[in-house]
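Here is a short report on a protein model with its ligands. Please look over the sequence and the structure first.

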Amino acid sequence: NGLPKQPPSPSPLRFSKFFQTNMRILVTGGAGFIGSHLVDKLMENEKNEVIVADNFYTGSKDNLSKWIGHPRFELIRHDVTEPLMVEVDQIYHLACPASPIFYKYNPVKTIKTNVIGTLNMLGLAKRVGARILLTSTSEVYGDPLEHPQTEEYWGNVNPIGVRSCYDEGKRVAETLMFDYHRQHGIEIRIARIFNTYGPRMNIDDGRVVSNFLAQAIRGEHLTVQSPGTQTRSFCYVSDMVDGLIRLMEGDNTGPINLGNPGEFTMMELAEVVRELIDPAVPVKIVENTPDDPRQRKPNITKAKEVLGWEPQVVLREGLPLMEADFRHRLGIPKNYR
Ligand code: NAD
Ligand code: UDP
Ligand code: UDP
């Protein structure tokens, strides 16, 4: 794919090897939705010590409550736009709000998080010889002119739009990753994540799956943004975490698409949610937001070949698992109404 071969690492100071200790892993954004599920999975391995650095902008301590006080776990309130000094073997760099409502709320902060935050984590990786994985996004493809999107596609992104703080921010973050890799020999991994859903998503974060589920559970109409024919592909969070760990442990720098290739229009998604939760709730077409991509579906051939990975959980299995969590948090048990 035209990318250079990975140069050798500059004599990595592997803390786990040097001190014969556990593998020490930093997860930035570990109090968020995907991050907290990743932490759960990493903590299952008794050889892992996990440090979470999070400023709790969109994440919450509740997502990590079962690990607080655990001897192999540490939680630091930290903003990644500030330098961080810790000694670790691996860095999963997730810190960044993912929902448009939150990333557009303070766009300058979003771009600082993507650019300065990633620079700091790369500086840290360089100092301690750690391998670093960035969670990039399908948004780097913008409103794609190629469908489905392969990793070779360069994207169709508006540099001055309201989403640019996020998508251009992630594009710069990817550039920084490759520049540190080429210039300093840092071991990098880049995942391009497509829409992911599951328990612990913020109930009111405005993303479509969480909106539809909360609306159906509350007995409100489902807000399909016009035209409703735009498509997305939804990956269940346990599949995503499995893909991220395989990518980190494997030999390929990426970028690698991680997502579920099952493609749905928003109208179809609304129908599945009604069918599973409450066929009585109506669908209402509402106004859309600017720059909304019309089609999005990952080509995951590379992930299959390189990581031996593909999603296992289909939408009709994943949604009920998320419904249980949402009902619990909303205090609305099944058959309540
Ligand atoms: P999330 O908002 O639930 O989690 C992000 C976490 O980062 C939160 O805990 C938040 O408090 C923390 N954070 C934000 N800014 C920070 C800062 N400056 N310093 C320290 N912590 C900070 O989002 P998520 O869905 O778990 O997404 C995690 C990662 O995956 C993000 O990098 C996101 O861009 C990427 N991603 C997610 C999706 C998706 O569908 N969920 C899709 C594509 C990419
Ligand atoms: N950095 C950090 N933790 C470290 C090492 C570096 O947060 O353990 C930050 C550092 O503050 C700097 C950034 O990472 O802003 C990039 O570091 P690098 O050493 O690559 O560049 P330089 O410090 O020379 O600008
Ligand atoms: N969407 C919708 N109703 C909602 C929220 C979102 O129809 O209540 C649509 C939105 O127009 C977009 C799709 O769902 O086409 C996915 O939006 P989301 O914000 O979840 O994710 P992203 O745009 O980042 O893929």
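## Around ligand 1

Ligand 1 is surrounded by 28 residues. Gly-29, Gly-32, Thr-58, Gly-59 and Ala-98 are the closest. A residue counts as near a molecule if its C-beta atom, placed from the backbone, lies within 6 Å of it. Helix H2 (33-44), helix H4 (107-128) and strand E5 (131-137) are the elements that give two or more residues to this shell. H2 gives the most, with three residues. Helices (H or I, at least four residues) and strands (E, at least two) are DSSP runs, numbered from the N terminus.

By type, the shell around ligand 1 holds 12 nonpolar, 14 polar and two charged residues. Here Ala, Val, Leu, Ile, Met, Phe, Trp, Tyr, Cys and Pro count as nonpolar, Asp, Glu, Lys and Arg as charged, and the others, Gly among them, as polar.

## Basis and confidence

This is a predicted model: local features need pLDDT of at least 70, side-chain atom pairs count only at pLDDT 80 or more, and totals for chains, interfaces and linings use all residues. Residues are numbered from 1 along each chain as its sequence is written, while chains are lettered from A and ligands numbered from 1 in the order in which they are written.

The protein chain has a mean pLDDT of 93 (the predictor's confidence in each residue, from 0 to 100). In this chain, 93% of residues reach 70 or more. Residues 7-12 have pLDDT below 50. Beyond near neighbours in sequence, that stretch has eight contacts in the model (C-beta atoms, placed from the backbone, within 7 Å). The model scores are ipTM 0.97 and pTM 0.93.

## Around ligand 3

Ligand 3 has 13 residues around it. Arg-207, Val-208, Asn-211, Gln-225 and Met-266 come nearest. Helix H6 (208-218) and strand E8 (222-225) are the elements that each give two or more residues to this shell. E8 has the largest share, three residues. The shell around ligand 3 divides into four nonpolar, six polar and three charged residues.

The largest nonpolar core has 73 residues. Such a core is a set of buried Ala, Val, Leu, Ile, Met, Phe, Trp, Tyr and Cys residues joined through C-beta atoms within 7 Å. A residue is buried if 20 or more other C-beta atoms lie within 10 Å of its own, exposed if 12 or fewer, and partly exposed in between, with C-beta atoms placed from the backbone. Val-27, Val-52, Ile-91, Ile-132, Phe-212 and Val-273 touch the most other core members. H6 gives the most to this core, with seven residues. Not counting residues up to four places away in sequence, Phe-212 touches Leu-222, Leu-269, Ala-270 and Val-273.

The buried residues of H2 include Phe-33, Ile-34, His-37, Leu-38 and Leu-42. Their cover includes strand E1 (23-28), strand E2 (48-54), strand E4 (90-93), strand E7 (196-197) and helix H7 (237-249).

## Backbone exceptions

Most residues other than glycine have a negative phi, and most peptide bonds are trans. The peptide bond from His-147 to Pro-148 is cis, with omega near -15 degrees. Pro-148 sits in the loop between E5 and helix H5 (164-184). Gly-254 and Pro-255 are also joined by a cis peptide bond, with omega about 5 degrees.

Phe-56 has a positive phi of about 60 degrees. Phe-56 counts as partly exposed because it has 14 C-beta neighbours inside 10 Å. Arg-200 has a positive phi of about 80 degrees. Arg-200 is buried, with 22 other C-beta atoms within 10 Å.

Technical notes
Contact = placed C-beta atoms within 7 Å.
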